[in-house]
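Reader: I'm new to this one. Can you walk me through it?

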Amino acid sequence: MINLVLFKITLLFYFAATACYLFDVITRRDQSGKVARWLLIGGFALHCATLAARFVEVGHTPVTNLHESLSFFAWTIVGIYFLFDLRYRLTVLGAFVCPLALVLMIGSSAAPAGPPEINPLLQSWWFPVHVTLAFLGNAVFAVAFIAGIMYLLQERMLKSKKFSGLFYRLPSLETLDSINYKCLSFGFPLMTMGIITGAVWANSAWGGYWRWDPKETWALITWFLYAALLHGRLTVGWRGRRAAIFAIVGFVCLLFTFLGVNLLLSGEHSFKSLQGP
Amino acid sequence: MSANKRDFTTAIWDFFCSLKLTISLLILLAVTSIIGTVIQQNRSPEQYLEVYSVTTYRVLESLQFFDMYHSWWFLTLLGLFSINLIACSVKRFPRVWKTVREPVLVADDTLYRTFSNLEEHLVNQPLPQVRDRLAAFLGKEFASPVVTVEGEKVHLFAQKGAWARFGVYVTHLSILIIFLGAIMGSLLGYKGYVNILEGSSIDKVVPRGGSEPIPLGFTVRCDSFSVSFYEGTGRPKEYKSMLTVLENGVAVIKDRPVVVNDPLTYKGITFYQSSYQPAGDAVFQFTVKDRQSGQDQNVSARFGQPVKLAGGGSFRVFNAKEDPAFGITAQLELTTAAGERRFAQVAQRAPDLDALRGGEQIFTLVEFKQRYFTGLQVAKDPGVWVVWVGCTMMIIGSLIAFFLSHRRIWITLQPVGGKTGIKMGGTAHRNQPGFELFFDEFKKKFKAEIS
């Protein structure tokens, strides 16, 4: 299978990019950051090829099991990062995003790729639409999570006046806060559309648009939290620290929705995509 | 109304209009929703008692934790949320309506002071000329302005995307519409499940949580059912029911294939392919040829059941599976007339296989039939289209609310001797950084225009 070979090369690229990013942040060498960026671009291109090859080889949108889902999540995160990179040009954002993508890819490579057999439920056009919107939303919120962590790190260094090398690389608190809002304004509609397309699909497959399945419920829980953050920002005037903490909590919930529900709770979204009726 | 009473009413109204209530409710809904994902919902008491002690069971039961999303307290939270949503909108909407319908055409110094995007100039041209040029310029670069004359001052006002302010209200209204659709569905609709044996039909369905069957008003017949499997693992790839709908004995829908993700709807009732199960044992049709006499006999055998053969002896099918190359293959255990045991193997796509065995009788598998029950989810939900209207509004409303903004530009002209003083300010109700970029560009063109 070509896709598995491409997957391994992508993993190598992400690994090299992560190493260069960390080297850049630790030693503050711009050259290293530039190399890292090109490695990440190369890795992303290969990742696109990996997904396309898998799509062709297995004949369905490759988001049906843990291996495919983690890889797809990493792909959307890197893709969304490049969109932010166009606007903000922050090497340090890459230094946080890239290791996250690498961890997801390592997780993906550890999970069995599985046979190309899917539950008849997944044979629907709503499936690619639903997962793409949902994962894009997740990826945008992952960036918000990273910006939140950077905000708290930066703020702590400013308050304690103990500056590590990272300090010189981190953007201003203001920029980080604006990333927080940007992410919210893209992530929230994406997530909303992800949930709605999921409901449409569920209605055509199961005869009910909402069944309080643990996955649905956790997506709604996360949606409630981001809605709270949104209203806090827009009307009460939450900024900075509180918004950063909310983005972090929201993403932890999101990760639980994505992974925890499948691994710990029972429901229709389990990665055992091969279960019969 | 006494002052006290009015205070109380105002206090209640303020409580429901408060954004703090909104945020608290959102967080409360999020936290309480977790319960239903940890405790399995809508199971039988026996199933719960396997997991919980009797005391725990009683406590959880009295808190309605076993069907928490329909419990009085969860519905109360949703009710409060709706009231909060309505109250906030009622309070804020008139002001927004006024902003849109009756825009502030004249900016005074107080208003100018609030703008971060501000520009002042003095040009060596008479006011009427500047006014006409700027009005044309605004019309070309932004939007046609409204000109207001106030004493010797002249004010220009132009705006774009005023209706973007309604995006938020469309989104909020959509939530109420979705709730309405959900209530319609639960009051006027039902969900149920039926098993139909191939060849048989049903005309009523027992709703979930109910005991009295509801008549459909028509008959649904399952003409046939088929399932295909992935090679090797035997996992189902596709399963399909051929359904016929009969009304007063007349077929109104004929031979409609129903598969997962492609349901059948008739008169507001929808049938979804949901599961299947084999009905009884598989039946095998054999032709048995006597090697000596050359005579054929047709025998049908149920899986595992011994069948007597004419001319003595018997056999039974003890193993069968589907082979990618040979079709259905079956293994037979034969008992000859003399009481000896033999084994034979037959395959659907290799009819001569058993002849190679050299036995007294030659078995050929002619037909294999496994009857199935098809399991269909039945749903009647007259509120579902309302929910979809709400969802569409939510998507459109939130896209407007997030990505469009109401942008306004004010210009005030004042004669200073023979020259004209120009003051210009602008603001956007959303996406300030984006507006700033636009305004900087606008200023450059503006300077080129007036110089």
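Author: Here is a short tour by questions.
Author: This is a predicted model: local features need pLDDT of at least 70, side-chain atom pairs count only at pLDDT 80 or more, and totals for chains, interfaces and linings use all residues. Residues are numbered from 1 along each chain as its sequence is written, chains are lettered from A and ligands numbered from 1 in the order in which they are written, and side-chain values use heavy atoms, with hydrogens and water left out.

Reader: Ok. How is chain A divided?
Author: Into domain 1 (1–116) and domain 2 (119–277). Domain bounds come from an automatic or database domain assignment. The centres of these two domains, taken over C-alpha atoms, are 19 Å apart.

Reader: How many residues of domain 1 of chain A are in contact with domain 2 of chain A?
Author: 26 residues of domain 1 of chain A, against 34 residues of domain 2 of chain A. Contact means heavy atoms within 4.5 Å.

Reader: And what area do they bury between them?
Author: About 2800 Å², 83% of it on carbon and sulfur atoms. Buried area is the accessible area (1.4 Å probe) that two parts lose on being put together, summed over both.

Reader: Which elements of domain 1 of chain A touch domain 2 of chain A?
Author: Those giving two or more residues are α1 (2–27), α3 (66–88) and α4 (91–110) of chain A. α3(A) gives the most, with 10 residues. Helices here are DSSP runs (H or I, at least four residues), numbered from the N terminus.

Reader: What about residue class on that side?
Author: The side of domain 1 of chain A that touches domain 2 of chain A has 17 nonpolar, 5 polar and 4 charged residues. Ala, Val, Leu, Ile, Met, Phe, Trp, Tyr, Cys and Pro count as nonpolar, Asp, Glu, Lys and Arg as charged, and the others, Gly among them, as polar.

Reader: New topic. How many residues does the contact of chain A and chain B take?
Author: 50 residues from chain A and 48 residues from chain B. The two chains bury about 4100 Å² between them, with 72% of it on carbon and sulfur atoms.

Reader: How many salt bridges between chain A and chain B?
Author: The count is 0. A salt bridge is a side-chain nitrogen of Lys or Arg within 4 Å of a carboxyl oxygen of Asp or Glu. Over all chains, a search of the whole structure finds 22 salt bridges.

Reader: Which residue forms a salt bridge with A:Arg54?
Author: A:Glu68, with the closest N and O atoms 2.7 Å apart. A:Arg54 lies in helix α2 of chain A and A:Glu68 in helix α3 of chain A, so the pair ties together parts that are 14 residues apart in sequence.

Reader: What should helix α2 of chain A span?
Author: Its 29 residues (residues 30–58) should span 42 Å at 1.5 Å a residue, and the end C-alpha atoms are 41 Å apart, which agrees. The expected span is 1.5 Å times one less than the number of residues. A:Gly59 follows α2(A), and its phi is positive, near 80°.

Reader: Last one. How far apart do the centres of domain 2 and domain 4 of chain B lie?
Author: The C-alpha centres lie 96 Å apart. In chain B, domain 2 is 103–161 + 405–450 and domain 4 is 283–366.
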